[in-house]
Every structure is written in C-alpha cells, then in structure tokens.
Amino acid sequence: MMGKINIAKFKAPPLKKRIMQNGLQTFRYAILGREVNRGLLFKIFIYWILIVTSYIYLNPILKMLVKMVMNEKDLNDPTVTWIPHEIYLGHLKTAWAALQYLESLFVSIGISTIVAVFHVISCGLMGYALARMQFPFKKLLTFLLIMTFIIPPQVIILPMIIMYTKLGLQGNLFSLILPSLFGFGIKGALFVIIFRQFYTTQPKELEEAAKIDGASSFKFYWKVMFPLAKPAILVVSLFSFVWTWNDTYYPRMFLGQSPLVPLATQMSRVDASITSMIGNEETALVLVEAIKMSASFLALLPPLLIFFFAQRYFVESVERTGLVE
C-alpha cells in the first residue's frame, strides 16, 4: 500500500513571500538587467564613459570660448577661470582684422568647395572602375593605390614645386586645386577606396539590365550608379572639404607670401599682425593669447556649422557606404 503523499510540499509559497521574491527579482533585473548590456549599471557606466570622453574633447573648445570673451582685467585675474565679469568682444574684432577674415574666408570656401567637387568626380570614376570593370593590370593598380598611404607628402613636394614653377603656377591658387583633378595623394586614394567600397555593394543586375538596353559603361555610371552613390558622395565631400580647409602644408609650399591664402594658412601669419596691432608689451602676452583664441574660433566656425547641420546625414552615409563594416 502506497504511503501518504505530503501535499504540503506542493503548496505555493505564501502570498507575502511571493511578492517579496518578485520584487527582488524585478529590482535585480532593473539594476543588472536580464542581459549584460541592458541593466542600469551598464547604462551608468556607458554614460560615464561618454561624459568623460566628451569633456576631454570639449574642454579646449570651452576654454577657447571663455578666453576670447574676457577683457584684459579678467585675463590678468587668476581667480577668473570660467565665468568672466563681462562679455568683451574686442578680441574678436582684432582677430577679424588680423586674419583679413572675409578675404581668407572666401578663398577657403572657394578652394575647399572646388576641390571637393573634383574629388567626387575623379575619385568616383576611379572607384567605379576598380569595383565593376575588368581591365589589364587592375590588381597592380589597386596595389599602387594602397601604397600611396605610406608615401608622405614631403617625399614628392620638391618635384611638385619644380613642376608648378615650370608651368607658371607657383604662387597661384590653382596649384591647390590641380591635384584633386586626378585624385592625387593620400586623400585621393582614401576617397577612391570609399567609392569602390560602395559600388561593390550594388547589385550586378542593374548593370546587366543597362547593357541589355544598350547603355555604355559611362552612361550607366552617370545615369544609374552615380545617383545611387549619394551616401558616398556626401562622405567624400565632407572629408575633402574639411581636409582642404585645415590644410596648411601645401598652401605654405605653393603660395609662399601670396596675399590671398586660405584661412588656415592665414592663422600661421596672425602672430605678426597681432604684434603690430598691440603696442603695450607688458600686456601683449596675455592679449595675444586671447586674440589667438578668437582667431581659432573664427577659423573653426564654418566647418563646425557644416557638421552641426549635416551630422545626421553624415552618420547615415558612413553606415551606408560600408565603412563601419
């Protein structure tokens, strides 16, 4: 005969105990999460990393903004660190005059825009050819393209100066634009790879359908592939624009003492202009620092505004070009 079954073992725990267990489990899930990357502690850690990293990058910019609006009294007062007693815009006016801002700004915008357009055209064609066409020595050309990453510009700068001198382009702004016509240098190689990476992701059926309709390779590229490459075009345009905007090496080599120079190059000449504007040598050091901060802000402002308004499209384009894979 079977023994008696102890029904007490199968009874549910009391209601109070179940509520406590559920509450503890809910609290644990809220803090630690059901998965490692979903808990509150993980989120706090990630936000702490982001805040610290942001502060490291933003601290110099914040100091620049504070210094450039301090008057002479606040600059000489060691107790004034972040909050000035009044907002002073005189340093911005001095920096504006020292930089010859409007002329240099138009030169920088013009050159950077033209270079970006030429990079899109020349590097886009080369990227399409490497991605979708078959021709002799294609692998060798790809290898040489990658090799350009290890060739510093200082190695080829002397032959370029000699070439520009013979062509009569030394000291001419066109000398900064000519390399982009041929996708020359490290920038061109990078942009070709970006376009190539994008074009390799496009379906081959598009090209086969275009060939059936009788379209040539160039017509297919211009009518179909190039309009599809808007993400790559945006990435290359922004990279090229900002890269050219911040470049000081080539303008110093090719333009010399030309009065018309880009804004970044004018920044390197600003010391002499500021020194001639400030007569009192006792306070010159402090004032020069504040004026340089103002000049840096004026030079940084245009690309900063471009990234501010285009950052969403830029991030989306980087993802769609395949650079994050």
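The axes of α9 and α12 approach to within 10 Å and cross at roughly 170°. Since angles over 145 degrees count as roughly antiparallel, α9 is therefore roughly antiparallel to α12. Please keep in mind that this is a predicted model.

**α9 with α12**
- The crossing in which α9 passes α12 is right-handed.
- From α9, the residues that make this contact are I186, K187, L190, F191, I194, F195 and F198.
- On the α12 side, they meet P231, A232, I233, V235, V236, F239, S240, W243 and T244.
- Sorted by class, the contact of α9 with α12 holds 13 nonpolar, two polar and one charged residues.

**α9 with α5**
- Here the axes come within 7 Å, and α5 and α9 cross at roughly 50°.
- The crossing of α5 and α9 is right-handed.
- α5 brings H119, V120, C123, G124, M126, G127, Y128, L130, A131 and R132 to the contact.
- Facing them in α9 are K187, G188, F191, V192, F195, R196 and Y199.
- The contact of α5 with α9 is made up of 10 nonpolar, four polar and three charged residues.

**The nonpolar cores**
- The largest nonpolar core has 25 residues, and F195 and Y199 have the most contacts inside it.
- Two or more residues of this core come from each of α5 (101-132), α9 (185-199), α11 (217-228) and α12 (230-246).
- α9 supplies the largest share, with seven residues.
- Another core lies apart from this one; it has 19 residues, including A98, L99, I291 and A295.

**A closer look at Y199**
- Which residues does Y199 touch, once its neighbours within four places in sequence are left aside?
- They are G124, G127, Y128, A131, R132, Y221, M225, F226 and A229.
- Of these, G124, G127, Y128, A131 and R132 belong to α5.

**The chain as a whole**
- Of its 325 residues, 35% count as buried.
- Among contacts between residues at least 6 apart in sequence, 72% join residues at least 24 apart.

How values were computed
Residues are numbered from 1 along each chain as its sequence is written. This is a predicted model: local features need pLDDT of at least 70, side-chain atom pairs count only at pLDDT 80 or more; totals for chains, interfaces and linings use all residues. Side-chain values use heavy atoms; hydrogens and water are left out. A nonpolar core is a set of buried Ala, Val, Leu, Ile, Met, Phe, Trp, Tyr and Cys residues joined through side-chain atoms within 4.5 Å. Buried means under 20% relative accessible area, exposed over 50%, partly exposed in between (1.4 Å probe, protein chains only). Helices (H or I, at least four residues) and strands (E, at least two) are DSSP runs, numbered from the N terminus. Contact means heavy atoms within 4.5 Å. Axes are lines fitted to C-alpha atoms, for helices over the stretch in contact, and angles run from 0 to 180 degrees between N-to-C directions. A crossing is left-handed if the near helix is turned anticlockwise from the far one by less than a right angle, and right-handed if clockwise. Ala, Val, Leu, Ile, Met, Phe, Trp, Tyr, Cys and Pro count as nonpolar, Asp, Glu, Lys and Arg as charged, and the others, Gly among them, as polar. Angles under 35 degrees count as roughly parallel, over 145 as roughly antiparallel, 65 to 115 as roughly perpendicular and the rest as oblique.
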